[in-house]
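Please read the following points with the model open alongside.

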Amino acid sequence: MRRVATLVLITLTVAACGGRGGQDDAAPILLFTGTGTSPSDVAAVKAILTSNHLTYATATSSQLNKMDEARMRAHRLLIVPGGNFIDIGRSLAPGTTATIHAAVRSGLNYLGICAGGFFAGDSGYNGLNLTAGVRFGFYAAEAQGIRKAAVRITGAGTPPLDQYWEDGPQFTGWGAVVATYPDGTPAVVEGAVGGGWVVLTGVHAEAPERWRRSMTFTTPIGADHEYAAMLVRSALTRTALSR
């Protein structure tokens with residue numbers, strides 16, 4: 001993908017080697033690993049970051065609760081992965097979500113994956129409300145009793161991709177649309193929030209091979225992982241994908 005090649009060149013100026021996590025105030029990326037996140041999705045995101053030589057630190061709920069805005073803004077990007085957005089919100093103090101909100105408006109970028117996308121909205125469970133009051137609902141498959149599936153997303157400038165979806169949101173009402181679900185609702189969106197850049201995805205492009213078992217994917221896993229890396233880089237470097 002042409003955009004991926006461009007973002008690779010940009011990212012080479014950001015990180016020379018992949019991080020192993022832990023507390024590192026100098027790391028460009030801060031990956032939230034606290035209560036409510038899925039350990040398997042945390043591992044999947046770590047694998048994408050490491051394989052793409054992106055340096056990152058990690059923070060649990062208690063560690064994030066102790067961070068002030070300046071310490072958060074020492075990083076360029078906060079990633080909140082999949083899991084349970086209710087538990088994620090409840091694991092953090094209201095003052096912490098307010099601090100994250102302020103840090104994003106002051107220039108911290110944000111990537112929300114599935115639960116991290118719900119958490120970015122006005123979730124009602126101590127969410128970040130980066131969306132000026134917009135609350136997200138589930139993609140329509142949820143109402144049909146489907147909990148996980150291979151879902152084809154379509155976006156400008158990229159070929160259609162079969163992506164792993166599990167109880168993920170759709171993002172009607174906020175941001176510029178990067179990719180849509182089969183029913184036309186937004187699967188991936190992006191937008192500026194103050195001085196920060198926010199990317200939200202309802203699908204798991206980072207999903208490992210074992211998650212795809214018993215499902216039919218026409219897209220090879222390498223292409224999906226390339227898309228996952230593109231989303232990270234676009235959030236990190238504030239590169240719009242919806243043009």
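1. The largest cavity has a volume of about 100 Å³.

2. This is a predicted model, in which local features need pLDDT of at least 70 and side-chain atom pairs count only at pLDDT 80 or more, while totals for chains, interfaces and linings use all residues. Residues are numbered from 1 along each chain as its sequence is written, and side-chain values use heavy atoms, with hydrogens and water left out.

3. The lining of the largest cavity consists of Val45, Ile48, Leu111, Ile113, Thr201, Val203, Ala205, Glu206, Ala228, Leu231 and Val232; a lining residue has an atom within 4 Å of a point. Two or more of these residues come from each of α2 (39-51), β4 (109-113) and α8. The most is given by α8, with 3 residues. By class, the lining divides into 9 nonpolar, 1 polar and 1 charged. Nonpolar covers Ala, Val, Leu, Ile, Met, Phe, Trp, Tyr, Cys and Pro; charged covers Asp, Glu, Lys and Arg; the others, Gly among them, count as polar.

4. The largest pocket holds about 260 Å³ of space. A pocket is an open set of points with protein on both sides within 12 Å along at least five of seven lines. Its lining has 18 residues, of which Gly83, Asn84, Cys114, Glu166 and Asp167 lie nearest the centre. At least two lining residues are supplied by each of α2, α7 (115-120) and β7 (158-166). The division here is 7 nonpolar, 6 polar and 5 charged.

5. On the whole chain: the protein has 8 helices and 11 strands, taken as DSSP runs numbered from the N terminus (helices H or I, at least four residues; strands E, at least two). Of its 243 residues, 56% count as buried, that is, under 20% relative accessible area, with exposed over 50% and partly exposed in between (1.4 Å probe, protein chains only). Among contacts (heavy atoms within 4.5 Å) with a separation of 6 or more, 72% are between residues 24 or more positions apart. The protein exposes about 9,700 Å², of which carbon and sulfur atoms supply 53%; accessible areas come from the Shrake-Rupley method with a 1.4 Å probe, and for residues only the protein chains shown count as cover.

6. Strand β4 deserves a look. Of its 5 residues, 5 are buried. Asn109, Leu111 and Ile113 are on one side, Tyr110 and Gly112 on the other, and both faces are covered. Strands pair if DSSP finds at least two bridges between them. β4 is joined by 4 bridges to β3 (residues 77-80), running parallel, with Val80 opposite Gly112. Another 4 bridges join β4 to β11, also parallel, and there Tyr110 has Val198 as its bridge partner.

7. β9 (residues 176-180) has antiparallel pairings. It is joined to β6 (residues 148-155) by 2 bridges, where Gly155 is partnered by Ala179. To β10 (residues 186-193) there are 4 bridges, and Thr180 stands opposite Pro186. β9 and β10 form a hairpin with 5 residues between them, and Gly184 in the turn has a positive phi of about 90°.

8. Is Ala207 buried or exposed? Ala207 is buried, at a relative accessible area of 3%. It is found in the loop between β11 (196-201) and α8 (221-237). Leaving out residues up to four places away in sequence, Ala207 touches Tyr164, Ile221 and His225. Its C-alpha atom is separated by 8.9 Å from that of Ala228, 21 residues apart along the chain.

9. Ser214, with phi near 75°, lies in the loop between β11 and α8 and is exposed at 79% relative accessible area. Asn129, with phi near 45°, is in the loop between α7 and β5 (137-138); at 27% relative accessibility, Asn129 counts as partly exposed.

How values were computed: 1 Å grid on protein atoms, 1.4 Å probe; cavity = no way out; pocket = protein on both sides within 12 Å on 5 of 7 lines; lining within 4 Å. Points joined across faces, edges and corners; volume = space filled by probe spheres on them.
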